[in-house]
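Try each task yourself before you read the solution.

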Amino acid sequence: MVLTPDLQVDSLPLMDRRGRQSARVSPTWARAGICLTIFVLLLGWALIFPYSGDGDSVLHYLNARAAPGHWDRVLYAWTRPGYKIPLALFAVYGIFAAHFFNALITVAIAWNTMKLAEELKIPHPLMAGPLLLWQPFVFALGTDTMTELPLALGILLGVRWWRNGLRPAACLMVGFLPSVRPEGFFFGVIFGLMVLLCAARNLRQHANPSPFREIIRAAGLLACLATGLVCWALLCTVLAHDTLLVLHNWSWPPQSYRFYGSGTIFHYAITWPWYCGVPLFALFVLGIAPSLRRPMILPLVIWITVIGVHSILYWRGWFASCGLIRIMACSSPFTALICLHGWNEARKRLSQAALRPAAVTFSILATAWILVAYCVTREHLHCLPLRRCAAYVQTHHL
């Protein structure tokens with residue numbers, strides 16, 4: 001994926017054979033082109049590595065494949081019903097269908113990350129799409145049957161809808177995120193606090209405040225935040241005859257360090273360059289200061305929540321927090337926005353003549369980094385000899 005530095009928000013010029021500007025591509029078509037490129041790249045990679053061997057990906061796939069007719073088996077905390085139920089509709093058709101579903105999720109994240117960058121008025125918002133995929137763990141999870149990217153899509157939509165005034169929809173979305181990953185509980189607390197703070201602000205700003213109206217509005221939004229958990233409990237009641245099934249069969253005891261270990265509270269900060277990869281980490285560092293502005297408050301709060309919560313959990317050895325760096329993909333859209341600020345900062349420091357060569361060089365290095373990083377991970381290579389073994393067994397009727 002090689003991109004020039006001239007990806008603008010308004011439109012992209014196309015040149016005819018004589019070098020004259022002949023047409024302009026709308027931002028919508030430009031986003032669609034980037035998303036299509038990401039989609040094709042991810043599905044092509046999934047053909048080479050149908051089973052990643054990463055974490056619980058195979059178990060999630062098998063659980064989803066067996067779910068139809070046994071829906072009570074996907075209602076536990078580990079099985080992530082908010083993700084597993086829609087995945088099951090694809091997994092019954094095989095692993096590639098499951099990859100197809102997850103590729104759609106990744107493409108949706110890329111589209112909405114670019115849209116959010118545009119709404120935040122960050123220059124060159126189309127670059128947010130590639131900057132999402134250039135995160136090695138986003139690429140690795142792009143078609144995988146893991147839950148980090150579904151959660152990233154959910155919180156990204158919640159942020160966008162909240163900012164655009166669609167607050168009931170935002171609260172409904174965030175309310176279902178605990179059933180996708182446990183981080184969703186913390187996002188629910190953040191949005192609950194925002195509901196209360198907005199209600200208090202509205203009461204202060206109006207000359208003749210109507211406390212009853214604000215209370216009703218806030219209560220309605222808080223009810224939307226609770227809807228996801230209520231639906232989860234109802235499903236447990238109807239399908240498993242145990243309303244508190246999740247609590248009765250919690251997958252991670254509080255003192256999980258005995259089995260999963262613990263480490264320094266700075267674990268994720270120390271390993272952050274590995275999460276980003278060297279090319280992207282340079283942009284991330286450049287983008288920290290420019291991203292500290294008012295419109296970025298909510299994205300930054302989400303990003304800090306993910307890395308902060310997991311830093312504390314791994315430090316204390318709570319709730320099976322293994323220090324897995326891939327978990328940071330939960331906040332990958334907001335990492336891409338910080339890197340986008342770094343991209344724009346780098347543009348300011350380069351001469352006009354150096355922009356295009358620098359952009360091409362960077363895009364080649366970033367793309368090579370995610371491909372090589374995937375291939376040097378041993379778990380990703382395990383499926384290759386296993387496929388040959390399975391083919392041998394099938395061919396010889398063993």
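This is a predicted model: local features need pLDDT of at least 70, side-chain atom pairs count only at pLDDT 80 or more; totals for chains, interfaces and linings use all residues.

**Exercise 1.** Find out how many cavities of 30 Å³ or more the structure holds, and which residues line the largest cavity.

*Solution.* Start with the count: there are three cavities of 30 Å³ or more. Next, take the largest cavity, which has about 90 Å³ of space. Its lining is made up of L42, W45, A46, F49, S52, H99, F139, A140, G142, T143, D144 and Y374. Of the elements, α1 gives the most, with three residues. Finally, sort by class, and you get seven nonpolar, four polar and one charged residues.

**Exercise 2.** Work out how the lining of the second largest cavity divides by class.

*Solution.* This cavity holds about 40 Å³ of space. Its lining residues are A77, R80, P178, S179, V180, R181, P182, F185, W232, W250 and W252. Sorting them gives eight nonpolar, one polar and two charged.

**Exercise 3.** Describe how helices α3 and α4 cross, and which residues make the contact.

*Solution.* First, the geometry: the axes of α3 (residues 81-91) and α4 (residues 95-119) come within 7 Å and cross at roughly 130 degrees. As for handedness, the crossing is right-handed. On the α3 side the contact uses Y83, P86, L87, F90 and A91, while α4 brings A97, A98, F100, F101, N102 and I105. By class, that contact has 10 nonpolar residues, one polar and no charged.

Note on methods: Residues are numbered from 1 along each chain as its sequence is written. Side-chain values use heavy atoms; hydrogens and water are left out. On a 1 Å grid over the protein atoms alone, a cavity is a set of points where a 1.4 Å probe fits but cannot get out, and a pocket is an open set with protein on both sides within 12 Å along at least five of seven lines; lining residues have an atom within 4 Å of a point. Grid points are joined across faces, edges and corners, and a volume is the space filled by probe spheres set on the points. Helices (H or I, at least four residues) and strands (E, at least two) are DSSP runs, numbered from the N terminus. Ala, Val, Leu, Ile, Met, Phe, Trp, Tyr, Cys and Pro count as nonpolar, Asp, Glu, Lys and Arg as charged, and the others, Gly among them, as polar. Axes are lines fitted to C-alpha atoms, for helices over the stretch in contact, and angles run from 0 to 180 degrees between N-to-C directions. A crossing is left-handed if the near helix is turned anticlockwise from the far one by less than a right angle, and right-handed if clockwise. Contact means heavy atoms within 4.5 Å.
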